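Student: I have just opened this one and have not looked at it before. Could you walk me through it while I ask things as they come up?

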Amino acid sequence: MKWLKSLRGTALFVSLCLAAPAAAQFEQTYPDEPPKEGQTLLEWSRPPILDYTIPPEQRDDVSSCGARHDLDLDETAVTCWPVLRAAQLFTLASFAQGEPTGDMAANQRQGVEYADQGLAFIGTPRWPLQEHLRSKLLEVKLSALVKLEDWDAALPVARDLVENVSGDLMKYDDFRRGFAHRRYGEVLLKLGRVKEARADFMTAWSLLNGPAGDKVGLPLSKYSRNLIIDAIRKGDLNYAESATERYLYFVREEPFGFRFGYRDHLEFRMYLLAKDGRKAALLETLKERIGLERDYSSLCSIFDPLFPGVLAPYRKDEDVLKLLRDADCQERVISKMDDVAKNGLREYKGPLLLPYHGAD
């Protein structure tokens, strides 16, 4: 059912980026039967927006193009040719980039081609919805280039996305800006441009002081995580510790529901403390980590790539073991620390996440 999973993802992405509720002309329905052999999801579902048009003699009338909210996109596209055509090219790019059949690399390149057509059509945005669609086209293009692992080509696209989302036509909120910065940082790290990624993170970090600061923790927690993991892998433990402490200082002050990344950063702290043999601070941090799980139901998961593996240097320490067992951490999960001591911290059945540091 790969086609169904891909359809759900692509259709959801397109529907979220286009307006809801949709104009009647663009209401999407799907066939009862799955795609036929060799049929693409685009051919199978054929979004109605692709077949809608505005007569050429009416395309110069842009009086309806000035809507300022992305939820008005479909209603605006009915009469505004600059918005309609850009939305059509975005839809084509999204389906091409998400197509699960055929040559995957060719699908991504097709997505890039449609995105480029849309970006060229928009040019310099004149109306807020053009700016909105320009960001969405950049997102699709960036996703395709990331899947192609073409990091050099992805870099200017990621930078352009940050600049576009920071524009003032659509009045984008800081939440979206945070995600744009995070994706830019991911590309910079892939290219080994660590100093630039760290500097960009500090630019993004300033969003925490803005009106939506309590929400920006979601993208910035992942950005911070990426930088800390990169620093540990490169042996820059001073940066890793200062970045961890900086994030924890912020997140401890937030309401519980907005404490994105709290657990991960406590686990990074334990990893660094265990490596240096700072047991007293390690035990206090472990107690803080346990305290986040009010019923301990999700404290010790076999699928967690970090916890309790970060405690591996203290895997035989009775104080550490008592805290874990008192928190109902199962022995099979505790035994992960032995595996970490041999193989390092790994994603569940995946690649190495962090090297093992410590001694018996």
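This is a predicted model: local features need pLDDT of at least 70, side-chain atom pairs count only at pLDDT 80 or more; totals for chains, interfaces and linings use all residues.

Student: How far does α9 reach from end to end?

Tutor: Helix α9 runs over residues 194-205, which is 12 residues, and the distance from its first C-alpha to its last is 16 Å, close to the 16 Å expected at 1.5 Å a residue.

Student: Let me step back for a second. How many helices and strands does the protein have?

Tutor: There are 16 helices and two strands in the protein. Of its 360 residues, 51% are buried, and among contacts between residues at least 6 apart in sequence, 66% join residues at least 24 apart.

Student: Back to α10, then. How many of its residues are buried?

Tutor: In α10, 14 of the 17 residues are buried, so the helix is mostly covered. Its end C-alpha atoms are 24 Å apart, which agrees with the 24 Å that 17 residues should span at 1.5 Å a residue. Following α10 comes Gly235, which has a positive phi near 80°.

Student: I see Arg225 in there; is that one buried or exposed?

Tutor: Arg225, which is found in helix α10, has a relative accessible area of 13%, and because the cut-off for buried is under 20%, Arg225 counts as buried.

Student: What is Arg225 in contact with?

Tutor: Leaving aside neighbours within four places in sequence, Arg225 is in contact with Asp264, His265, Phe268, Pro305, Leu306, Glu347 and Leu353.

Student: Changing topic to pockets: what volume does the second largest pocket have?

Tutor: The volume of the second largest pocket is about 500 Å³. It is lined by 19 residues, and the closest to its centre are Leu189, Lys190, Asn226, Ile229 and Arg233.

Student: Which elements give two or more residues to that lining?

Tutor: Those elements are α6 (128-147), α8 (174-190), α10 (217-233) and β2 (352-354). The largest share of the lining, six residues, comes from α10.

Student: How do the lining residues divide into nonpolar, polar and charged?

Tutor: The lining of the second largest pocket has nine nonpolar residues, one polar residue and nine charged residues.

Student: You mentioned α6, so how many of its residues are buried?

Tutor: Of the 20 residues of α6, 18 are buried, so this helix is largely enclosed by the rest of the structure. Its end C-alpha atoms are 29 Å apart, which agrees with the 28 Å that its 20 residues should span at 1.5 Å a residue.

Student: What follows α6?

Tutor: Glu149 follows α6, and its phi is positive, near 55°, although Glu149 is not a glycine. Most residues other than glycine have a negative phi. Glu149 is found in the loop between α6 and α7 (151-165), and with a relative accessible area of 59% it is exposed.

Student: Where does Arg46 lie, and what about its phi?

Tutor: Arg46 lies in the loop between α2 (41-45) and α3 (73-77), and it has a positive phi of about 35° although it is not a glycine. At 38% relative accessibility, Arg46 counts as partly exposed.

Student: And which kind of peptide bond, cis or trans, runs from Phe307 to Pro308?

Tutor: That peptide bond, from Phe307 to Pro308, is cis, with omega near 0°. Most peptide bonds are trans. Pro308 has its place in the loop between α13 (279-291) and α14.

Student: Last one: what does Val320 touch?

Tutor: Not counting residues up to four places away in sequence, Val320 touches Leu283, Leu286, Leu311 and Tyr314. Val320 lies in helix α14, residues 318-326, and is buried, with a relative accessible area of 0%. Val320 and Lys287 are 33 residues apart in sequence, and their C-alpha atoms are 9.7 Å apart in space.

Note on methods:
Residues are numbered from 1 along each chain as its sequence is written. Side-chain values use heavy atoms; hydrogens and water are left out. On a 1 Å grid over the protein atoms alone, a cavity is a set of points where a 1.4 Å probe fits but cannot get out, and a pocket is an open set with protein on both sides within 12 Å along at least five of seven lines; lining residues have an atom within 4 Å of a point. Grid points are joined across faces, edges and corners, and a volume is the space filled by probe spheres set on the points. Helices (H or I, at least four residues) and strands (E, at least two) are DSSP runs, numbered from the N terminus. Ala, Val, Leu, Ile, Met, Phe, Trp, Tyr, Cys and Pro count as nonpolar, Asp, Glu, Lys and Arg as charged, and the others, Gly among them, as polar. The expected span of a helix is 1.5 Å times one less than its number of residues. Buried means under 20% relative accessible area, exposed over 50%, partly exposed in between (1.4 Å probe, protein chains only). Contact means heavy atoms within 4.5 Å.
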